Amino acid sequence: MSEGGYKYHAIKGVGLGLRSSHYYEILETKPNVPWFELLSDNYMSEGGLPLHKVDKIREQYPVTLHGVGMSLASADPLNLDYLNRLKRLADRLEPAYVSDHVAWVSASGNYTHDLLPFPYTEFTQQHVSDRISQAQDILGRKLLVENPSSYLEFQATEMTEWEFISGLCKKTDCNLLVDINNIYVSAVNHGFDPYEYLEALPQDRVKEIHLAGYEKMEGYLFDTHGSPVHPPVWKLYQAALRRFGSVPTLLEWDTDIPDFTTLRVEASKAEKLLSGVA
Amino acid sequence: MANKVNSIEELKLQQDEFYQAIFFPHADSGNVHNLGVVETEIMTQSQRIDIYRNSILGGMSGALTNIYPVCVKLLGETYFTRMVAGYLREYPSHSPDLGGYGHYLSEYIEGFEPAKEMEYLPDVAKLELLWHKAFNAAEDVFSNEGLRALSDLELLSSEEHVKVELCLRTSIQVLTSNYPVHRIWEVNQPDYVGEDVVDLAEGGAKLVVWRTDDFTMRVDVVSDDEFRLVESMIKGMTFDDIAQLPFQTELSGIVQNCINRGLIVGFRIDR
């Protein structure tokens, strides 16, 4: 990986999701935030103010790139144009990690822009693995793949999500971004034990953790990323830290985005737990 | 029935049926029972698909709200969301870039019967899309081999001067409207202060939408001649051909005006 222009690369501690409403405050006040995560799909344009601001922020902070557009579990061919644009963005910003989800987004070339579920079978595991390998070859780096939150399961499923995801690591050498909120949301929605999920993941593959808020709906939990982290997710996070160690953690907040101070207060709760890990 | 997913064909079939169930729930092809979703006492298959439908349509509709804020303001958010529900079905997104969705909304509005009374609305949508394109356009990058700054013109030899090809800003977009859409757009900006009534009798305008070097967005009303020059340059016409067009004033003056406005930003040497 090129380490041409930037002073900071590795990430540690609790980072924040970078949102456009906070650009000016970050550049003006240079807050003591260890790193930022960028939604890569928002910076795929050829130019303009957002990309310019991100370049400026990158000079001061390490970053990671996190996307939803790779559609790793789709039956469509991998979108090479998207991957090449992502590579250009990664070459430009030199992120610590590039990540996407174990989900599909497009069917027959039509994009839904949402992370959709699929049956966990021997076939789909090999299919997703082949695509992760192809994406890693194009990007010239290891990917972090993230567990999704889900609201339905398929009769065709042959294995648990944690078996499916652990298998991806074995087959592709990829690493994991473990979203604690997603595990909890899916556990409640489908009735599995979230602690069993954590225990089954390969310890040495977990390179990043996500925390976020959910919303309690009629009969299910919905992953909104629009509220503070809920107590059961904090508890699960502590179990994750015990198992995986002091893994860099991101506080995600994508809807009803609060002011920057509120975000930092929420992040400081995670920082307190993270700093207590040996 | 896609209950088994052990091949690429079965995966494709299931994902196509999932897509149909989201966007066309009342069609035979959108029958959720084809999907082999586990049903529980808490929720039916349809209710589980509804969660995804609301999330997907909400996200795509929200993207259009971001690109077309003035249309949203003119129609109200509820009406706008209802209006674009049909657009989401008829115009699928073909790119992972959600910010690039919605390029045909003005055409859709033209055919949307309930909005026919707002005859200027399709042009307002066109203006907003051009603003969005200019906002995200590439920067003008100067180099000795490619685009060069106008100030370099004086460094050229007389042989090089005849090979000069003037260049527009990359971000430039143009729009002709029979309505004062620039005024409608202006009075509906969040920071606008002043007379907020627009008289449609003001008539139409020729507009150039562009972005300055410091990322300020501009919507300029230009003369017929300036518009013809800019439009011809966007089309890639040579200056010899442009000189043959029926301008009302001297072409050199028009070029100078466009340079003064900042629309012509540099030049290339035609090799």
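User: Leaving aside neighbours within four places in sequence, which residues is T112(A) in contact with?

Analyst: This is a predicted model, and local features are taken up here where pLDDT is at least 70. T112(A) belongs to strand β6 of chain A, which covers residues 110–116. Once neighbours within four places in sequence are set aside, the residues in contact with T112(A) are V105(A), Y19(B), F23(B), I56(B) and M60(B).

User: Is T112(A) buried or exposed?

Analyst: The cut-off for buried is under 20% relative accessible area. Because the relative accessibility of T112(A) is 2%, this residue counts as buried.

User: Which residue has its backbone oxygen 2.8 Å from a polar atom of the T112(A) side chain?

Analyst: A polar contact requires N or O atoms within 3.5 Å. The side chain of T112(A) has a polar atom at 2.8 Å from a backbone oxygen, and that oxygen belongs to V105(A).

User: How far apart in space are T112(A) and G69(A), C-alpha to C-alpha?

Analyst: Along the sequence, T112(A) and G69(A) are 43 residues apart. In space, taken from C-alpha to C-alpha, the separation of T112(A) and G69(A) is 9.7 Å.

User: What is the area buried between chain B and chain A?

Analyst: The contact draws on 47 residues of chain A and 42 residues of chain B. Carbon and sulfur atoms give 63% of the area buried between the two chains, and that area is about 3,800 Å². On the side of chain B, the residues that lose the most area to chain A, together 19% of what that side buries, are Q15(B), Y52(B) and P96(B). The value asked for, then, is about 3,800 Å².

User: How many residue pairs are in polar contact across the interface of chain B and chain A?

Analyst: The count of salt bridges between chain B and chain A is zero. For polar contacts, with both residues at pLDDT 80 or more, the number of residue pairs found across this interface is 19.

User: Which element supplies the largest share of the side of chain B that touches chain A?

Analyst: In chain B, α1 (8–23) and α2 (45–67) each supply at least two residues of the side that touches chain A. By class, that side has 23 nonpolar, twelve polar and seven charged residues. The largest share, nine residues, comes from α1(B).

User: Which residues have the most contacts inside the largest nonpolar core?

Analyst: The largest nonpolar core has 139 residues. F18(B), leaving aside neighbours within four places in sequence, is in contact with residues including W104(A), F154(A), L35(B) and Y52(B). Those with the most contacts inside this core are F36(A), I180(A), F18(B) and F80(B).

Notes. Residues are numbered from 1 along each chain as its sequence is written. Chains are lettered from A and ligands numbered from 1 in the order in which they are written. Side-chain values use heavy atoms; hydrogens and water are left out. Contact means heavy atoms within 4.5 Å. Buried area is the accessible area (1.4 Å probe) that two parts lose on being put together, summed over both. A salt bridge is a side-chain nitrogen of Lys or Arg within 4 Å of a carboxyl oxygen of Asp or Glu. A polar contact is a pair of N or O atoms within 3.5 Å; within protein, one must be able to donate a hydrogen and the other to accept it, and residues adjacent in sequence count only if both atoms are side-chain atoms. Helices (H or I, at least four residues) and strands (E, at least two) are DSSP runs, numbered from the N terminus. Ala, Val, Leu, Ile, Met, Phe, Trp, Tyr, Cys and Pro count as nonpolar, Asp, Glu, Lys and Arg as charged, and the others, Gly among them, as polar. A nonpolar core is a set of buried Ala, Val, Leu, Ile, Met, Phe, Trp, Tyr and Cys residues joined through side-chain atoms within 4.5 Å. Buried means under 20% relative accessible area, exposed over 50%, partly exposed in between (1.4 Å probe, protein chains only).
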